[in-house]
Amino acid sequence: MQVAFWALPPDEALLYAKREIEHAPLVSDDPDLYAPVFLNLSVFKRSYELMERILKVYIYPDGSRPIFHTPELHGIYASEGWFMKLIEESRRFVVKDPEKAHLFYLPYSSRRLRDAIYRPGSHNLRPLAIFLRDYVNTISSKYPFWNRTGGSDHFLVACHDWGPYSTTLHAELRKNAIKALCNADTSEGIFVRGKDVSLPETTIKAPKKPLKYVGGKRVSQRPILAFYAGLMHGRVRPTLEKLWGNDTGGDIRIFRRLPNRVSRNMSYVEHMKSSRFCICPMGYEVNSPRIVEAIYYGCVPVIIADNFVLPFEEILDWSSFSVVLPEKDIAELKNVLLSIPLRRYLRMQECVRRVQRHFLWHARPEKYDLFHVILHSIWYSRLNQIQNASL
């Protein structure tokens, strides 16, 4: 029986979708989706189909530029900007009548908020939290929508490391709203697992060509076991450097930065494309753009960051295409990687290749790409909050 979703009140439509997903028809194989990278292909496929057919988002027009409605499309914090750009351009998902909306988007940029408000050298993030608190108070007094649910059908998308901390002075924003955050750290009491969304941190070097550097090599063209190059801050990276630093001829190559004598022959990107595993250690915060970089270059990510919630953990089986190493086991890194049989590694790399499509930005969004999967995670989070008794 066809259901006229547009005729249902928003909450009833969500309840219908939740029931449909709970009874999703079994799908063991699909020409558009690679089953081994999913926890439950049947659930994801049905949920995604219903999102496409039902979901409507209202974007608050309030907020002055550049903090609001001004996407940053370049650099390591570009995820929030690309999402903002694509959702504001969307004809499928955006609705002008808020009474028809299932979700409400707070269109601010945590990166631009930092640039506009933070006083360099002050180490004081409170002004950022005050600014966002005042914004939410403004929209909750101007419109009735926040107060109907205490903000639980509202969401924000923030990729800067300080994104979580800008939400701390508004109780409902912190506890109820869905926060899509790159800095998805469960140890700080801000990110709520199962409600909030872990946002992939994607480095975009050429905004006009976001896929410019995407691609990889065959396993036979990957002579390096594992590779990392970058700054040595935080609690994990110095240990990596102590164990394997600047051993240019070893199986594991760890660099504070690529020496000129090395980079002249092989760039950073070429190192990742020539490595079987790419080490993705946390820095000051748990998130790392190297996770998505590794996926872009066909390199199996090795994630070292306790308390980090992996992006899309509700749908993706990260064990099929990555290695998650507890921080206490860093000294065993080489043994762990060498213990992975070639046949299993080949399956993992194939999964990396197949899951890549779900981490790609496109100027015009494509089915199952990163824009859609982020939106799906927000949609799925909202569905999980819906309780039968409350409708």
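Histidine 69 is found in the loop between strand 1 and helix 3; strands here are DSSP runs of E with at least two residues, helices are runs of H or I with at least four, and both are numbered from the N terminus. This is a predicted model, in which local features need pLDDT of at least 70, side-chain atom pairs count only at pLDDT 80 or more, and totals for chains, interfaces and linings use all residues. Residues are numbered from 1 along each chain as its sequence is written, and side-chain values use heavy atoms, with hydrogens and water left out.

Back to histidine 69. Its phi is near 55°, a positive value in a residue other than glycine. Histidine 69 is also buried, at a relative accessible area of 12%; buried means under 20%, exposed over 50%, and partly exposed in between, with a 1.4 Å probe and protein chains only.

Proline 66 lies in the loop between strand 1 (57-59) and helix 3 (78-89). The peptide bond that joins arginine 65 to proline 66 is cis, with omega about 5°.

A positive phi, near 60°, also occurs at phenylalanine 312. That residue sits in the loop between strand 9 (300-304) and strand 10 (323-324), and phenylalanine 312 is buried, with 1% relative accessibility.

Now the helix pair. Helix 4 (residues 110-117) packs against helix 5 (residues 126-142) at an angle of about 120°, and their axes are 10 Å apart. Axes are lines fitted to C-alpha atoms over the stretch in contact, and angles run from 0 to 180 degrees between N-to-C directions. Leu113, Arg114 and Ile117 of helix 4 meet Pro127, Leu128 and Phe131 of helix 5, contact being heavy atoms within 4.5 Å.
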